[in-house]
Amino acid sequence: IMGELELAARYLEAPIVAITGTNGKSTTTTFTGHFLRGVGRRVFVGGNLGTPLCRAVDGDHDVVVVEVSSFQLEWTSSFRPKVAVLLNVTEDHLDRYRDFEEYADTKGRIFAQQTDTDVAVVNQDDARTVALAGRYRPQLYRFGHGPEVTRGMRWIEEGLEVGEGDHWTGVSLKGFKPRGRHNVENLMAAFLAAHRMGVDVAELRSLVPRLE
């Protein structure tokens, strides 16, 4: 028995960006699609967001961006995103799962089939997301607040910046319409996901003001 997500992924030729989390996954999926379309990629956006992933199978896509729920991840065995994003994990759906640990472990399945050539994007400020990705083999990129983020994207007093080690590039929030700290986190996750799919930082910066 397999779920629709697993079935569709087996027939997709385009690389997959998969996004999950208790909160913010629809917004982050939309932002990621915006960034990739903005640089001319042919993008399918769907999954738990609305359009079933199977609709992407016969399409001519450069990249597939899919919102993924824990329910969908339960029925995966070979699902392997090129970039997997885990935004946060808080108590939810405990009417379905034995306890919070089982729910969190199910979210972590998004990384289970990744290799060291794939990428995990996780929330520095949610230690559980980092720990879940750390069980597996993907390259780890983090987003969060403060200099503790040493590879990925961070929000410091001067604003946003992306990079690693001693090499960081500023990203202005001027013109960014969605309000709230949570939406800045969604922005950082989407920015990183698109960047790890090969989009230049300068191109992504130019698209931030058009996010709605």
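Visitor: Which residues does valine 45 touch, not counting residues up to four places away in sequence?

Guide: Before we start, keep in mind that this is a predicted model. Valine 45 touches Thr29, Gly33, Arg37, Thr51 and Val65, once residues up to four places away in sequence are left out. Valine 45 itself belongs to strand 2, residues 43–47.

Visitor: Is valine 45 buried or exposed?

Guide: Buried counts as under 20% relative accessible area. Valine 45 comes in at 16%, so it is buried. There's also a distance you can check on screen: valine 45 and valine 17 are 28 residues apart in sequence, and their C-alpha atoms are 9.6 Å apart in space.

Visitor: Let's move to strands. How does strand 1 pair with strand 4?

Guide: Strand 1 (residues 16–20) and strand 4 run in the parallel sense, with four bridges between them.

Visitor: What about strand 4 and strand 5?

Guide: Those two are parallel as well, and four bridges join strand 4 to strand 5, residues 119–123. Here alanine 84 is the one standing opposite alanine 120 in strand 5.

Visitor: Which residues cover the two faces of strand 4?

Guide: Val83 and Val85 are on one side, Ala84 and Leu86 are on the other, and all of them are buried.

Visitor: Threonine 20 has a polar side chain. Where does it lie, and what does its side chain make a polar contact with?

Guide: Threonine 20 lies in strand 1. Its side chain makes a polar contact with the side chain of lysine 107, at 2.9 Å. The relative accessibility of threonine 20 is 0%, so it counts as buried. Among the residues that threonine 20 touches are Lys25, Val68, Val85, Lys107 and Ile110.

Visitor: Now charges. How many salt bridges does the structure hold?

Guide: The general idea is that side chains of opposite charge can pair when their charged atoms come close. This structure holds twelve salt bridges. One of them joins glutamate 74 to arginine 96, with the closest N and O atoms 2.7 Å apart. That pair links distant parts of the chain, 22 residues apart: glutamate 74 sits in the loop between helix 3 (70–73) and strand 4 (83–86), and arginine 96 in the loop between strand 4 and helix 4 (100–108).

Visitor: And what is the relative accessibility of glutamate 74?

Guide: Glutamate 74 has 26% and counts as partly exposed. Arginine 96, at 43%, is partly exposed too. Compare that with glutamate 161 and arginine 154, whose closest N and O atoms are 2.6 Å apart in their salt bridge. Glutamate 161 is buried at 14%, and arginine 154 is buried at 12%.

Visitor: How are arginine 181 and glutamate 185 placed in helix 6?

Guide: They are four residues apart in helix 6 (residues 181–196), which means about one helical turn separates them. Glutamate 185 is buried, at 15%. For a network of salt bridges, go to Arg42, Asp60 and Asp62, which are linked in one.

Visitor: How many aromatic pairs are there?

Guide: A pair of aromatic rings is described by the distance of the centres and the angle of the planes. The structure holds five aromatic pairs. In one, phenylalanine 31 and phenylalanine 176 have ring centres 6.1 Å apart and planes at 75 degrees, so that pair is edge-to-face. Phenylalanine 31 is in helix 2 (residues 25–38) and phenylalanine 176 in the loop between strand 9 (167–171) and helix 6, so the pair ties together parts 145 residues apart in sequence. Both of these phenylalanines are buried.

Visitor: What kind of pair do phenylalanine 100 and tyrosine 103 form?

Guide: A tilted one, 6.3 Å centre to centre with 40 degrees between the planes. They are three residues apart in helix 4, about one helical turn, and both are buried. Ring pairs also link Phe71, Tyr97, Phe100 and Tyr103 into a cluster.

Visitor: Which ring does the charged end of arginine 96 sit over?

Guide: The ring of phenylalanine 71, at 3.9 Å from its centre. Arginine 154 does something you can look up as well: it lies over the face of tryptophan 168, 3.6 Å from the ring centre.

Note on methods: Residues are numbered from 1 along each chain as its sequence is written. This is a predicted model: local features need pLDDT of at least 70, side-chain atom pairs count only at pLDDT 80 or more; totals for chains, interfaces and linings use all residues. Side-chain values use heavy atoms; hydrogens and water are left out. A salt bridge is a side-chain nitrogen of Lys or Arg within 4 Å of a carboxyl oxygen of Asp or Glu. Buried means under 20% relative accessible area, exposed over 50%, partly exposed in between (1.4 Å probe, protein chains only). Rings of Phe, Tyr and Trp (its six-membered ring) pair if their centres lie within 6.5 Å; planes under 30 degrees apart count as stacked, over 60 as edge-to-face and the rest as tilted. A charge sits over a ring if NZ of Lys or CZ of Arg is within 6 Å of the ring centre and within 35 degrees of the ring normal. Two strands pair if DSSP finds at least two bridges between them. A polar contact is a pair of N or O atoms within 3.5 Å; within protein, one must be able to donate a hydrogen and the other to accept it, and residues adjacent in sequence count only if both atoms are side-chain atoms. Contact means heavy atoms within 4.5 Å.
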